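Work through the exercises below with the sequence and the model side by side. Each task is followed by a solution in steps.

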Amino acid sequence: EEALRLGVARVRCPVVVLDRGGEEQPSTEELAEILFSEVFASSSTAAFVIGGASGLPSELRGPAAEAAPGAASFRRLSLGRLTFPHRLTRLLLLEQLFRAREHRAGSAYHQADG
């Protein structure tokens with residue numbers, strides 16, 4: 001946990017924390033909007049934080065986290081209220097990032113109805 005806190009404190013790009021208790025549970029379309037209008041608006045890179053088996057440290061869940069030193073911006077999002085293994089969460093995140101990019105590009109890969 002200490003390494004995670006130090007890592008977030010040192011990052012110089014937008015930070016997106018995936019937290020089951022995150023304020024938002026965006027749809028794919030909403031995630032694409034958040035990513036491209038906020039997260040990647042000022043930087044071509046972002047840091048995504050996924051909690052471990054015991055969740056996230058309290059410093060990354062509370063209001064103080066939003067004032068992370070050096071972070072260009074800070075968002076707390078949720079992939080839903082279900083609990084997933086860390087590796088599966090990484091895969092879900094990667095697929096949703098790809099889907100958001102394809103949605104933004106107008107690709108047929110992402111279909112809102114399917």
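**Exercise 1. Contacts of leucine 35**

Task: In this predicted model, find which residues leucine 35 touches, not counting residues up to four places away in sequence.

Solution. Step 1: Leave out the residues up to four places away in sequence; leucine 35 then touches Phe40, Ala41, Phe48, Leu97 and Ala100.
Step 1: The largest nonpolar core has 11 residues: Val16, Leu18, Leu31, Ala32, Ile34, Leu35, Val39, Ile50, Leu77, Leu93 and Ala100.
Step 2: Assign the core to elements. At least two residues come from each of β1 (15-18), α2 (28-39) and α3 (86-105), and α2 gives the most, five residues.
Step 3: Look for a further core.
As a general point, nonpolar side chains in soluble globular proteins tend to be buried together.

**Exercise 2. Strand pairing and strand faces**

Task: State in which sense β1 pairs with β3 and over how many bridges, then how many bridges join β1 to β2.

Solution. Step 1: β1 and β3 pair in the parallel sense, over four bridges. Within this pairing, valine 15 has phenylalanine 74 of β3 as its bridge partner.
Step 1: β1 and strand β2 (residues 47-50) run parallel and are joined by four bridges. Here the bridge partner of leucine 18 is isoleucine 50 in β2.
Step 2: Check the faces of β1. Val15 and Val17 point one way, Val16 and Leu18 the other way, and all are buried.
Step 3: Do likewise for β3 (residues 74-77). Phe74 and Arg76 lie on one side, Arg75 and Leu77 on the other, and all are buried.

**Exercise 3. Arginine 75 and its partner**

Task: Decide whether arginine 75 is buried or exposed, and find which side chain it meets in a salt bridge.

Solution. Step 1: Arginine 75 is found in strand β3. Its relative accessible area is 16%; buried means under 20%, so arginine 75 counts as buried.
Step 1: List the contacts of arginine 75, not counting residues up to four places away in sequence: Val15, Val16, Val17, Glu24, Ile34 and Glu38.
Step 2: The side chains of arginine 75 and glutamate 38 meet in a salt bridge (2.0 Å, N to O). Their C-alpha atoms are separated by 9.4 Å.
Step 3: Glutamate 38 is in helix α2, 37 residues apart from arginine 75, and the pair links distant parts of the chain.
Step 4: At 39% relative accessibility, glutamate 38 counts as partly exposed.

**Exercise 4. Other salt bridges**

Task: How many salt bridges are there in total, and which parts does the pair of aspartate 19 and arginine 76 tie together?

Solution. Step 1: The count comes to four salt bridges.
Step 1: In one of them, the side chains of aspartate 19 and arginine 76 meet at 2.6 Å, N to O. Aspartate 19 lies in the loop between β1 and α2 and arginine 76 in strand β3, so the pair ties together parts 57 residues apart in sequence. Aspartate 19 and arginine 76 are both buried.
Step 2: Glutamate 102 and arginine 101 form a salt bridge through their side chains (3.0 Å, N to O). Glutamate 102 is buried, with a relative accessible area of 13%, whereas arginine 101, at 46%, counts as partly exposed.

Key
Residues are numbered from 1 along each chain as its sequence is written. This is a predicted model: local features need pLDDT of at least 70, side-chain atom pairs count only at pLDDT 80 or more; totals for chains, interfaces and linings use all residues. Side-chain values use heavy atoms; hydrogens and water are left out. A nonpolar core is a set of buried Ala, Val, Leu, Ile, Met, Phe, Trp, Tyr and Cys residues joined through side-chain atoms within 4.5 Å. Buried means under 20% relative accessible area, exposed over 50%, partly exposed in between (1.4 Å probe, protein chains only). Contact means heavy atoms within 4.5 Å. Two strands pair if DSSP finds at least two bridges between them.
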